[in-house]
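I shall go through one structure, part by part.

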Amino acid sequence: MSEEILLTQEGYDKIVKELDYLKAVRRNEVSEHLKEAKSYGDLSENAEYDAAKDEQAELEDRIAKLETMMRKGKIVADEELTGDHINLGLSAKIKDMKSGMEFVFTIVGITEADPFENRISNESPVGKALIGKTVGEIVEIPLPDGSVVNYKVLEIVKE
C-alpha cells in the first residue's frame, strides 16, 4: 500500500471512528482476556491464553491497517464533486446498452466498496471506466473475462 488511498469524507470518518473504538475499547477488552487467561496457570498448555494472544495480534494488525489508511488517505474534496463528471463520492445512473437495464452505482475508494450496496471501487473495471465520464457518454468497459459491456451515463448525482 505505497500509493495514496482515495476516500470519501464518509469513508475517512468511518476509519477514524473504528480506530478510536479499537484503541479505546477493544484494546482494554483484549487486555482483560489476556489477564484472565494468564490466571488459569501454565501458559504452555493454556488454550485460552493462546486464543487471547491471537485476538490481540489480529486487533493490532487491524489498528495498523487503519492507521496506514489514514496516513495514506486522500479525501476527495467537495469542490471536486461538481456533478459535471463522474468522480469518487458521486452516484451514476447508467443503462446497459444491450439489456436496457438501468443501475445506480456510487463510486467510492477501494476500502469503502460494497457491491451489495452498489458501492463500487474506483479501482474496479467498471469504476475505473466510469471516472471522468459525463451524462450522455457511452462507456465501453472491458471485463476480466474478456467480454465488453457498454453503458450509457444517464445521470450523475451528488449524494
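In helix H2, the buried residues are Tyr49, Ala52, Leu59, Ile63, Leu66, Thr68 and Met69; buried means under 20% relative accessible area, with a 1.4 Å probe and protein chains only. Please note that this is a predicted model: local features need pLDDT of at least 70, side-chain atom pairs count only at pLDDT 80 or more, and totals for chains, interfaces and linings use all residues. Residues are numbered from 1 along each chain as its sequence is written, and side-chain values use heavy atoms, leaving out hydrogens and water.

Helices (H or I, at least four residues) and strands (E, at least two) are DSSP runs, numbered from the N terminus. The cover over the buried residues of H2 includes strand S1 (5-7), helix H1 (9-38) and strand S2 (73-75), where contact means heavy atoms within 4.5 Å. H2 itself covers residues 47-72, and at 1.5 Å a residue its 26 residues should span 38 Å, which agrees with the 38 Å between its end C-alpha atoms. The expected span is 1.5 Å times one less than the number of residues.

**Strands**

Let us turn to the pairing of strands, which requires at least two DSSP bridges between them. Strand S3 (residues 90-96) runs antiparallel to strand S7 (residues 148-158), joined by 7 bridges. Ala92 stands opposite Ile156 in S7. S7 also pairs with strand S6 (residues 138-142), again in the antiparallel sense, over 5 bridges; here Val139 has Tyr151 as its bridge partner. The hairpin of S6 and S7 has 5 residues between the strands, and Gly146 takes a positive phi near 95° there.

**Nonpolar cores**

A nonpolar core is a set of buried Ala, Val, Leu, Ile, Met, Phe, Trp, Tyr and Cys residues joined through side-chain atoms within 4.5 Å. The largest has 18 residues, and Ile86, Ile94, Val126, Leu130, Ile141 and Val153 have the most contacts inside it. S7 gives the largest share of this core, 4 residues. A second, separate core of 10 residues includes Ile15, Leu19, Ile63 and Met69.

Note on methods. Buried < 20%, exposed > 50% of the residue type's maximum accessible area, 1.4 Å probe, protein only.
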